[in-house]
Amino acid sequence: MATRTVRLDEEAEAALLRIRKATGLPISEALKRGLHAFQESVGRETRETPYDVYRQLDLGAGGWAIAPATDSRRAVAGAIRRKHGR
């Protein structure tokens with residue numbers, strides 16, 4: 001078990017005091033529980049992958065694409081024709 005020295009500003013010191021009064025826990029136990037709670041929240045945040053974010057966008061089938069990437073030249077030419085009426 002390691003001993004750590006921690007500096008707390010007035011706001012953190014007041015929060016620690018309120019936690020201790022509400023729970024009756026010693027300082028070390030309150031800090032340990034805070035570290036465990038923070039560790040869990042960090043674990044939840046890092047589990048989300050870029051694909052998870054993409055999936056939440058719900059772009060539907062093909063997203064905003066008007067054609068598959070393999071057919072992009074024809075699709076661009078068609079889009080220009082539709083826009084300019086030629």
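## Confidence

pLDDT is the predictor's confidence in each residue, on a scale from 0 to 100. Across the protein chain of this predicted model, the mean pLDDT is 86, and 90% of the residues reach 70 or more. Confidence is highest in α1, at 96, and lowest in helix α3 (residues 50-57), at a mean of 80.

Local features need pLDDT of at least 70 and side-chain atom pairs count only at pLDDT 80 or more, while totals for chains, interfaces and linings use all residues. Residues are numbered from 1 along each chain as its sequence is written, and side-chain values use heavy atoms, with hydrogens and water left out.

## Fold and surface

The protein chain holds four helices and zero strands, in the order α-α-α-α along the sequence. Helices (H or I, at least four residues) and strands (E, at least two) are DSSP runs, numbered from the N terminus.

Of the 86 residues, 9% count as buried, that is, under 20% relative accessible area with a 1.4 Å probe, protein chains only. The accessible surface comes to about 8300 Å², with 56% of it belonging to carbon and sulfur atoms; the areas come from the Shrake-Rupley method with a 1.4 Å probe.

## The largest pocket

Here is one for your grid tools: the largest pocket has a volume of about 480 Å³. Of the 17 residues lining this pocket, Ile 27, Ser 28, Leu 31, Lys 32 and Leu 35 are the closest to its centre. A pocket is an open set of points on a 1 Å grid over the protein atoms alone where a 1.4 Å probe fits, with protein on both sides within 12 Å along at least five of seven lines; lining residues have an atom within 4 Å of a point.

The elements giving two or more residues to the lining are α1 (10-23) and α2 (27-46), and α2 gives the most, with seven.

How values were computed: Buried < 20%, exposed > 50% of the residue type's maximum accessible area, 1.4 Å probe, protein only. Points joined across faces, edges and corners; volume = space filled by probe spheres on them.
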